[in-house]
Amino acid sequence: MKHRHIWILLFGLALPAQADWDSDKGCLSCHQGIEQFSDVPGMDTLSCTDCHQGNPTATDQAAAHTGMWANPTDLRVVEETCGSCHADEVAKARTSIHATMAGVISGTRYDFGAQGKDALYATYDVKALHDDLPPGTVAELKQLPSYDPTKPESATNSIGDDYLRNQCLRCHIWSDGHQRDGDYRASGCAACHVEYSNAGTYEGNDAAIDKSEKDRPRFHRMTRTPGVDQCQHCHNRGARTGTSYKGMMESDGYGTPFTESGDKQGKLHGKHYNFLQADLHFDAGLSCIDCHTKDEMHGDGYLYEKKHNAVEIRCETCHGTNEAPATLKTIRGNPMDHLQRDGDRVTLTTKADGKVLEVPQLVGAELSAEGKAAMVQIPAHMEKLECHACHTAWAPQCYGCHAKQDISKPSGDWLLGSSDDPSQASNKGNREANAFSWQESRSYVRWEMPALGVNSRGKVSTFIPGCQVILTQMDGENAVLNNHTYTTVDGTSGLAHNPVFAHTTTKQARTCEECHTNPKVWGLGSGVYDMSANFPDGEAPVPFELERFVDEEGNALQATNHKGARPFNKEELDNIRRVGSCLACHGSDEMPNDGQAPNDATHNAVLRKMLEE
């Protein structure tokens with residue numbers, strides 16, 4: 001394989017202590033200056049072949065590399081490397097949502113009308129490590145089926161399965177992902193614990209490594225504290241939380257402003273970006289790992305159906321509520337050890353650089369007039385709303401996922417690959433042509449305030465477009481399906497809107513008027529986008545605009561992939577609008593202390609008196 005000799009040692013080699021150098025002098029005669037992989041006791045004396053195998057005494061490169069593993073942390077070989085000491089972690093990793101992609105798979109198949117909302121499939125067959133099944137978990141998952149275009153679509157032969165295998169399923173730790181700026185990374189443990197720059201070039205001292213070559217880690221070194229950019233190598237699609245956290249929002253592709261050479265800006269993740277307000281936690285210096293726990297990242301042995309089922313932190317974990325101080329524990333009772341309380345003061349010590357940050361507490365906090373109205377005078381807000389329903393500054397909204405499949409062009413399958421080196425089976429160039437070629441585009445993108453709905457916890461949450469698939473299937477130059485949309489097993493359109501925690505938190509909350517007077521926020525759409533005019537011959541695949549996922553009577557128009565999540569019902573819409581009517585005259589600073597408006601008789605009497613005067 002091209003350049004295999006250059007990067008074969010980049011993922012798991014621990015530069016041995018002086019006493020062990022003789023056993024690896026063959027490797028080090030070429031890889032002079034390579035960094036010690038880890039200084040963790042027990043790992044700091046590992047030899048090259050302890051991780052990579054191969055023949056360190058050979059003087060011929062081909063002989064030396066025979067039987068070697070380029071990436072000893074890949075899940076296909078990891079039991080014999082990392083797993084020899086960390087067997088429990090390796091076993092749990094295979095059950096993690098990072099490995100199974102269960103939520104992405106079930107959500108996509110639901111939108112394609114192939115199944116209900118239960119998680120049925122994963123990247124590969126896997127069973128839970130525990131017998132008890134908490135809510136949101138399942139006992140086992142089967143590998144996602146392949147699609148055969150010669151057979152009718154069915155629950156086990158969905159075009160959505162091919163979409164997943166060729167496009168979506170590159171972002172899991174069985175795979176080493178897309179090979180382009182912003183997406184370079186390894187598979188297995190190294191997906192997180194060996195950092196890559198966005199350019200994917202080597203910055204270390206190994207004399208054998210060409211620093212202009214792509215798909216190289218920054219250094220031959222393990223990190224226990226992966227940074228935001230490392231998480232962003234995967235978390236730039238779907239909910240886009242990795243890019244949003246840094247204030248990055250994909251643009252319409254203009255690539256401006258121009259560079260000094262007059263060229264367009266470069267792309268990350270295949271996209272151009274605008275830069276918006278970042279999450280206040282990012283600005284304060286928090287990395288993803290300062291909030292998200294080891295069990296969330298590594299897995300805890302349960303097979304979670306969706307990402308939000310695996311998450312065990314809440315805003316209250318660190319900030320408390322109006323009535324109670326922060327617990328400093330997750331909802332599962334696990335302590336957040338880097339949080340400390342000293343009297344009424346709570347601090348967080350960042351894991352990467354040890355920076356000590358003050359964590360504001362809601363108990364006793366000085367609130368603005370609007371904050372007092374929303375959080376104190378109307379206690380239902382604290383009971384029924386997620387914090388981010390008000391404190392999300394913006395959210396990426398990608399409307400209309402125009403996906404084109406060409407069944408005349410076999411293409412790579414992210415779940416099937418072959419190589420003489422099993423740790424390279426997931427490499428993009430080693431994928432088997434078991435899927436078909438796909439192209440993706442969209443109708444338009446937005447970043448303004450997102451809509452609201454009710455999430456699976458029964459709380460009001462921000463909603464953004466999910467997978468709004470408008471499918472065109474081609475067989476060469478012949479269209480089999482054109483601008484086709486699906487109907488879910490629940491009878492809604494397969495276009496989707498889903499709850500999301502956008503990771504664009506701001507101290508300044510959205511205004512009362514923004515939520516209570518804007519139909520787009522209620523899920524009714526802006527009423528501006530003309531669906532028929534945007535499709536050939538006026539043949540729109542659905543009779544509603546892409547932003548509209550509920551009608552005025554509270555009937556769901558679009559899919560919602562999370563169990564229990566839904567748009568507002570008729571009663572809730574009426575209540576929201578009623579408050580908006582009051583705000584038109586009174587404003588949020590005149591809200592009654594008990595949060596209740598006077599009855600109609602009293603209100604009408606006051607109005608009559610005002611008219612008489």
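Six bridges join strand β11 to strand β15 (residues 469-475), and these two strands run parallel. Helices (H or I, at least four residues) and strands (E, at least two) are DSSP runs, numbered from the N terminus. Two strands count as paired if DSSP finds at least two bridges between them. The model is predicted: local features need a pLDDT of at least 70, side-chain atom pairs count only at pLDDT 80 or more, and totals for chains, interfaces and linings use all residues. Residues are numbered from 1 along each chain as its sequence is written, and side-chain values use heavy atoms, with hydrogens and water left out.

## Confidence

The pLDDT is the predictor's confidence in each residue, from 0 to 100. The protein chain averages 91, and 92% of the residues score at least 70. Over residues 1-21 the pLDDT is below 50, and this stretch has 83 contacts in the model beyond near neighbours in sequence. A contact means heavy atoms within 4.5 Å.

## Strands

Another group of four strands forms an open sheet with mixed pairing, in the order β13-β14-β17-β18. Its edges are β13 (451-454) and β18 (558-559); each has a single partner strand, so one side of each is left without a neighbour in the sheet. Strand β17 (residues 493-499) pairs with β18 in the parallel sense over two bridges. Ser 493 has Gln 558 of β18 as its bridge partner.

## Buried residues and cores

Buried means under 20% relative accessible area, exposed means over 50%, and partly exposed lies in between (1.4 Å probe, protein chains only). A nonpolar core is a set of buried Ala, Val, Leu, Ile, Met, Phe, Trp, Tyr and Cys residues joined through side-chain atoms within 4.5 Å.

The largest nonpolar core has 18 residues, of which Ile 105, Leu 144, Leu 164, Leu 169 and Ile 173 touch the most other members. Apart from this core lies another, of 14 residues, among them Ala 326, Leu 328, Leu 339 and Leu 357. In soluble globular proteins, nonpolar side chains tend to be buried together. Leaving out residues up to four places away in sequence, Leu 164 touches Val 104, Ile 105, Thr 108, Arg 109, Leu 144 and Leu 169.

Helix α16 (residues 369-377) has Gly 371, Ala 373, Ala 374, Met 375 and Gln 377 buried. The cover over the buried residues of α16 includes α17 (379-384).

Asp 39 lies in the loop between α2 (25-30) and α3 (48-52). Asp 39 is exposed, with a relative accessible area of 64%. Asp 39 and Met 222 are 183 residues apart in sequence but 9.0 Å apart in space, C-alpha to C-alpha.

## Salt bridges

A salt bridge is a side-chain nitrogen of Lys or Arg within 4 Å of a carboxyl oxygen of Asp or Glu. By this rule the count comes to 24. The table lists some of them.

| Pair | N to O distance |
|---|---|
| Asp 74 and Arg 76 | 3.0 Å |
| Lys 294 and Glu 89 | 3.7 Å |
| Asp 183 and Arg 180 | 2.7 Å |

Lys 294 in helix α13 (residues 294-298) and Glu 89 in helix α5 (residues 87-93) are 205 residues apart, and the pair links distant parts of the chain. Glu 89 is partly exposed at 28% relative accessible area. Asp 183 is buried at 4%, and Arg 180 is partly exposed at 24%. A network of salt bridges links Asp 118, Glu 305 and Lys 563.

## Cysteines

A disulfide is a pair of cysteine sulfur atoms within 2.5 Å. A search of the whole structure finds zero disulfides. For Cys 30, the closest cysteine sulfur is that of Cys 27, 8.7 Å away, which is too far for a bond. The sulfur of Cys 168 is 6.3 Å from the closest cysteine sulfur, in Cys 467, also too far for a bond. Cys 168 counts as buried, at 15% relative accessibility.
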